[in-house]
Every structure is written in structure tokens, then in C-alpha cells.
Amino acid sequence: MGTWTEMDRDVEAAQAALLARYAPDTLVRRVRWSQGETHVLELGTGSPLLLVHGAFSDACIWVPILPELARNHRVFAVDLPGHGLADPFDYTGVDLLELARTFLRDILDALGVRTLDLVANSMGGLFSVVFAIDNPGRVSRLILVGAPAGVHRAVPLQMGLPLVAFRLPLIGPSLARFATSHLTRDSNRKFWGKVLVTHPERVGDLLLDEDVVQAHRNAGSHLGLGRCLGDIRGLRRRLILGERWQALEVPTLFLWGERDPFFGGPEQGEALAARNPNLRVIRLADNRHIPWIDDPERVVGEIERFLGNAANDSQMEQLEGA
């Protein structure tokens with residue numbers, strides 16, 4: 001970035017504290033893509049694995065399980081445009097599906113990776129599915145952790161109301177900036193407990209703090225993204241992939257929390273899997289939208305089994321005690 005602002009430095013400091021706690025050997029670097037620069041976390045050696053977060057989050061959401069995944073993989077976690085420490089991004093009028101194809105293609109090219117495995121959450125799942133449908137030769141396997149966008153329009157009330165309010169003419173931007181500027185660690189934990197996780201007490205303070213400062217920094221980008229994503233009925237109809245799910249040729253695993261309030265529940269994934277033999281669904285009991293916080297041992301184990309690297313007992317014991 002050319003000139004760093006105070007908010008940029010706040011995010012950088014929060015990320016440094018989070019990485020020092022969970023993954024101190026992580027390489028942090030900037031990567032250029034065709035419409036700007038973004039931020040990438042890299043750890044480990046082995047087969048390449050790219051982690052793609054959901055809307056309004058950033059790459060640091062994966063940090064609590066980064067070291068475990070890095071035992072068998074060269075793991076990359078990337079900030080989507082306008083998230084984390086990526087360049088600010090104007091989503092006004094953007095075709096999100098086209099952006100998905102462009103962004104992930106550019107990121108793979110910038111990383112010098114021809115083919116890799118993808119793990120994605122929520123909107124990151126939509127980005128990854130669209131990319132995999134159009135570029136099956138570049139994605140070996142795909143794991144959708146938490147409900148992916150593109151399946152069903154339903155979103156929880158706690159997300160739907162802000163998406164509608166922020167679209168209001170004149171006052172929408174002011175409402176969005178007020179909401180993010182008054183976000184705190186405690187209010188963030190309460191929100192996570194209502195929507196994202198079953199056990200908010202398991203969310204580390206450093207992760208919540210990083211999420212708060214990156215939300216402050218990216219309020220403008222997130223406002224534009226919210227307008228692209230939703231309307232009064234939930235996720236925009238044009239983002240529902242429908243029959244296009246049947247064109248997904250890449251072996252794909254859904255890890256879907258049974259208490260996930262997004263996108264219609266695991267039954268939606270099972271209906272897709274019944275029509276496409278490349279898809280498989282595993283239900284995660286007592287999990288919501290970010291299951292690797294609620295049950296990191298189970299999630300890492302299922303990822304590794306699907307990728308052919310069944311975690312050993314020693315690894316699971318270390319993860320459980322983290």
C-alpha cells in the first residue's frame with residue numbers, strides 16, 4: 001500500500017498479535033491482482049491449499065486452525081477485495097460472479113500455482129464454486145466449510161435487517177458507519193453467538209479484536225458489498241446458482257453445521273448432492289456458520305480425510321489442547 005492510514009496500522013497490529021498467539025511463523029505478504037492488491041497469509045509446506053473467507057470477514061478468520069492445516073499443506077489465506085488489509089474496493093455495480101472468476105484466477109497466477117485444493121466459507125464458497133465450475137483443471141478438490149452462498153436466499157434476521165437498512169437512500173451509509181464505529185469486542189462476541197458460532201465463549205479475544213478493527217477500516221467497501229449481496233428477501237436471486245451446481249465436476253465436500261442459520265440448512269446441500277455425484281455432505285451437530293471455531297478438531301479432521309491426509313492422534317491431541 002502506498003500510504004498507510006492509522007486504521008491500516010491498527011489492523012496490522014491486531015493481525016500481528018493474533019498471528020503471534022496462534023501461528024507465529026506465518027509469512028505475511030501483499031499480492032497484486034488485476035484490480036489492485038490484497039493481503040495473503042502463508043504457512044507450511046506441501047500441496048497448496050487456498051482458504052477463502054466469507055463476506056465482511058478476512059483471512060485472519062482461519063488463523064486458529066492455520067498451523068494444523070499447515071502440517072500437511074502449503075496454506076494460503078487470502079483477503080477478498082475490500083476486506084482485511086486488501087485495497088479498498090468499490091462494489092457498486094459489480095457482478096460478483098464475474099469478480100469471483102477474475103479474482104481467484106489472478107490470485108492463483110500471482111501465487112505461481114497452477115492447481116490447488118480450496119477450502120471456503122459462505123461468500124468465499126460462492127466465489128470458489130463459480131471458479132471451480134469454470135476452471136475445473138485448476139481446482140483439485142473443494143471443501144465448503146459452513147453454508148456456502150449460492151444455494152438458497154435465506155439469511156438470518158440479524159444479517160437481513162442491516163442489508164436492507166444500509167440500502168436506504170441518504171441514511172444507509174451513515175447507518176453502516178455508525179454500526180461499525182460502535183462495534184466492540186463484547187458486542188462482536190454477542191453477534192457471533194447469535195449468528196456465527198454455537199459457543200461464543202470459545203472465540204478468542206484477539207480474533208474478535210482483529211475482526212472489529214478490520215470492520216472499522218473496511219466500512220465503505222462492506223457497505224457496497226452488502227448492497228450487491230442482498231435485498232429485502234435475503235441473498236439476491238441472481239447469486240443463486242440453481243442448475244449450475246450440476247456443472248460442478250470437482251470433488252466437493254460440504255461441512256454444514258446443523259444449526260447454521262444461513263442459506264436454508266444442510267438439507268439444501270443434500271438435495272444438491274442427490275443430483276450431482278461429485279458432491280458429498282457431512283452434517284456437523286451443534287455447529288453454526290463458522291464450525292472450525294465450535295469444533296476445530298472435527299473440522300480439521302474432516303478436511304484432512306477428504307484431502308487424503310487423515311490426522312493422527314498426536315495432531316488431534318495438540319489441536320484439542322490449543
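# Rings, cores and charges: a chat

Reader: Is Phe 89 buried or exposed?
Author: Phe 89 is buried in this predicted model, and its relative accessible area is 11%. That value counts as buried because the limit is under 20%.

Reader: How many aromatic pairs does a search of the whole structure find?
Author: The search turns up seven aromatic pairs across the whole structure.

Reader: Where do Trp 33 and Phe 89 sit in the chain?
Author: Trp 33 belongs to strand E1 (residues 27-33), whereas Phe 89 is in the loop between E4 and H3, so that the pair links distant parts of the chain, 56 residues apart. Trp 33 also counts as buried, with a relative accessibility of 5%.
Author: Another tilted aromatic pair is made by Trp 245 and Phe 254, at 5.8 Å centre to centre and with 35° between the planes, and both of these residues are buried.

Reader: And which residues do ring pairs link into a cluster?
Author: Trp 33, Phe 89, Tyr 91 and Phe 103 are joined into a cluster by ring pairs.

Reader: Switching topic, how many residues has the largest nonpolar core?
Author: The largest nonpolar core holds 96 residues, and Trp 192 and Trp 245 are those with the most contacts inside it. Helix H3 contributes the most to this core, giving nine residues. As a general background, nonpolar side chains tend to be buried together in soluble globular proteins.

Reader: Why is helix H9 largely enclosed?
Author: Helix H9 (residues 219-229) is largely enclosed by the rest of the structure because nine of its eleven residues are buried. Among them are His 222, Leu 225 and Cys 228.

Reader: OK, charges now: what does Asp 8 form a salt bridge with?
Author: Asp 8 forms a salt bridge with Arg 217, and their closest N and O atoms are 2.6 Å apart. Because Asp 8 lies in helix H1 (residues 6-22) and Arg 217 in helix H8 (residues 205-217), the pair ties together parts that are 209 residues apart in sequence. Asp 8 is buried at 4% relative accessibility, and Arg 217 is buried at 10%.

Reader: How far apart are the closest N and O atoms of Arg 259 and Asp 286?
Author: They are 3.2 Å apart in the salt bridge between Arg 259 and Asp 286. Arg 259 is partly exposed, at 39% relative accessibility, and Asp 286 is partly exposed as well, with a relative accessible area of 34%. Elsewhere, salt bridges that share partners join Arg 30, Arg 32, Glu 37 and Asp 87 into one network.

Notes:
Residues are numbered from 1 along each chain as its sequence is written. This is a predicted model: local features need pLDDT of at least 70, side-chain atom pairs count only at pLDDT 80 or more; totals for chains, interfaces and linings use all residues. Side-chain values use heavy atoms; hydrogens and water are left out. A nonpolar core is a set of buried Ala, Val, Leu, Ile, Met, Phe, Trp, Tyr and Cys residues joined through side-chain atoms within 4.5 Å. Buried means under 20% relative accessible area, exposed over 50%, partly exposed in between (1.4 Å probe, protein chains only). Helices (H or I, at least four residues) and strands (E, at least two) are DSSP runs, numbered from the N terminus. Rings of Phe, Tyr and Trp (its six-membered ring) pair if their centres lie within 6.5 Å; planes under 30 degrees apart count as stacked, over 60 as edge-to-face and the rest as tilted. A salt bridge is a side-chain nitrogen of Lys or Arg within 4 Å of a carboxyl oxygen of Asp or Glu.
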